[in-house]
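Hi everyone, thanks for coming.

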Amino acid sequence: MRTRSISLLIALIVLSTIIFSPSAQAQTRPTAGQVNSTANLRGGPGTTFPVVGSLAAGADVQIAACNDDCTWYQLSTGEWIAAFLVDATAGLPTPTVAVTAQSGDPITIVSWNVESGGALQNVVADRMAALQDVDIWGMSEVNAIDAEAYEFGAEEGEGANFDSYLGTTGRADRLLLIWDAERFGLIASGEMLTIGETGRAPLWAQLREQATGLEFIVMVNHLHRSNDGIRHRQATALNAWAATQTLPVVAMGDWNFDWNLPNGESDHDLGYDNLTANGVWQWVRPAELVTTQCSGWPCSYNSVLDFFFVAGPAQDWNIASEIIVAENDFPDDVTTPDHRPVMAVIMPDGTTSVPILVPTATPVDTAPVLLPTATAIPPVASTVAPTCPQANTNGNLRSGPGTGYGVVGSVQQGECIIITGRTEASDWLQLSNGNWIAAFLVANAGPMESIPVVVVAGPTPVPAAPTAVPAAPTSAPQPAQPTPVPPTAVPQPVAPSCDPNYAGACIPIVGHDLNCPDVGVKRFQSIGSDPHGFDRDNDGIACEN
């Protein structure tokens, strides 16, 4: 089913031994192998060592030694290569019964914050297609207009049909789940709107592996960055939710727990402790920790923000994770994300059938509660109408209720808005930032009679130039005298009107979306609705990178 199943299995055996058992012994090292993907060669066993060369897929290698846990091989030429990039061709013992007891192929999941507005759609999709044997993607900071391209990138990588589920919260920085629809059927899905508070709501999907009947929940999160209190409450709520689940749960994403390197055990965010309290969630800790996000250069932080956690029966699975480090990935530029992907490879237990568990009819703004039932359910997503007023398509915002007023911003399809007023005819709605939007562009606005009427003076008309009327002559006409002509005034450039949603820089008011490179300034304040999505982490600082 997968061309690299053997190599992934070998990598899993090595990596999971690190996490769940004493160090691997040297006899697990092969003596020869073949590179299964374009790979960097390094001066030592780890991504902190410099790149000293590279090998193309298909290259044969001789392996002279490995590090203590055999996650890195030293080649006969002296360079080092990550073990998961090599398929053994000689010297590796036959897999033991512990391997054959597993059911099905490994499940490979990748989590990636793709920095909406700070990376190019095609660059991200091409990198997705380049990673092989990925079954599930959990992505954060996704612009809605890029979601389809990312699903296509996943399909290109596997040559399979994928489905996706895009969240409705987060404005231009949403959450996205993508999965192999040929391997997994979708049982149910939803958003935990209450846990999301003012940010992105956790996005979850309950999947069933077609070949084995294994069911589990996969979740992607992006917890609040700028408000510690909200982030800590989100972590506590996710802990309480996971404690009630009977299905295996795998959660990934940008958690903003700031696990400092190298002393994260004593220097990390309280949200980590809230999430993992009482052992409800367990971090799938990579064998080698490196920073997962870089702002500025040198990087402003040296910490891990992106994690995989497991809860419930998933804690009994063989599962290992790795932070994917690509050559020259940091510092990033305007084409690439400022986060590194994190990959997890899972071998579930030997269970070949599980009870069919489905969420109750509880609305998705509460955590799903899973109850057993004896009736199979077709793989169709549960659909619940969004509860917030939101734009039903991309649209302009204006300074007043009518097209005679100037365009002062825009909204994206699906973006939640706050309505504070309306015209008497209810054909225009005023938003909390003072801007106006045509009512037909808004879904879920609620009863119009409950919205106060706001009276606004019409747009100021431009006065017409007065027409000169010649006076009647009082005497005989005199010969016309030449009238001195004043020098022609040199037109002065008109300064663009500045968007009141920003301070510290003059961002022009335009009728289309802008990206940070378009404005040519960095690190200014976002003090309003942020119509261009410059402040991706909602910390009040726009265009930080």
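**A helix, its sheet and some disulfides**

Let's start with helix α6, residues 228-242: it has 15 residues and reaches 21 Å from its first C-alpha to its last, close to the 21 Å expected at 1.5 Å a residue. That expected span is 1.5 Å times one less than the number of residues. Helices (H or I, at least four residues) and strands (E, at least two) are DSSP runs, numbered from the N terminus.

Quick housekeeping: this is a predicted model, where local features need pLDDT of at least 70 and side-chain atom pairs count only at pLDDT 80 or more, while totals for chains, interfaces and linings use all residues. Residues are numbered from 1 along each chain as its sequence is written, and side-chain values use heavy atoms, with hydrogens and water left out.

Back to α6. Its buried residues include Ile230, Leu238 and Trp241; buried means under 20% relative accessible area, exposed over 50%, and partly exposed in between (1.4 Å probe, protein chains only). Among the elements covering them are α5, α7 and β14. And what caps the N-terminal end of α6? That's Asn227, with a side-chain oxygen 3.0 Å from the backbone nitrogen of Gly229.

Now the sheet. It's open, with six strands in the order β12-β13-β14-β15-β17-β16 and mixed pairing; two strands pair if DSSP finds at least two bridges between them. β12 and β16 are the edge strands, each with a single partner, so one side of each has no neighbour in the sheet. In the parallel sense, β14 and β15 pair over six bridges, and Ile217 stands opposite Val249 in β15. Our helix α6 packs on this sheet, touching β14, β15, β16 and β17. Touching here is contact, heavy atoms within 4.5 Å. The direction of α6 makes about 150° with that of β15, using axes fitted to C-alpha atoms, for helices over the stretch in contact, with angles from 0 to 180 degrees between N-to-C directions.

Last topic: disulfides, pairs of cysteine sulfur atoms within 2.5 Å. How many does the structure hold? Four. One joins Cys294 to Cys299, S to S 1.9 Å. Cys294 is buried at 0% relative accessibility, whereas Cys299 is partly exposed at 26%. Another pairs Cys516 and Cys543, sulfurs 2.1 Å apart. This one links distant parts of the chain, 27 residues apart, from helix α8 to the segment after β31. Both Cys516 and Cys543 are buried.

Terms used: Polar contact = N/O pair within 3.5 Å; in protein donor to acceptor, adjacent residues only side chain to side chain.
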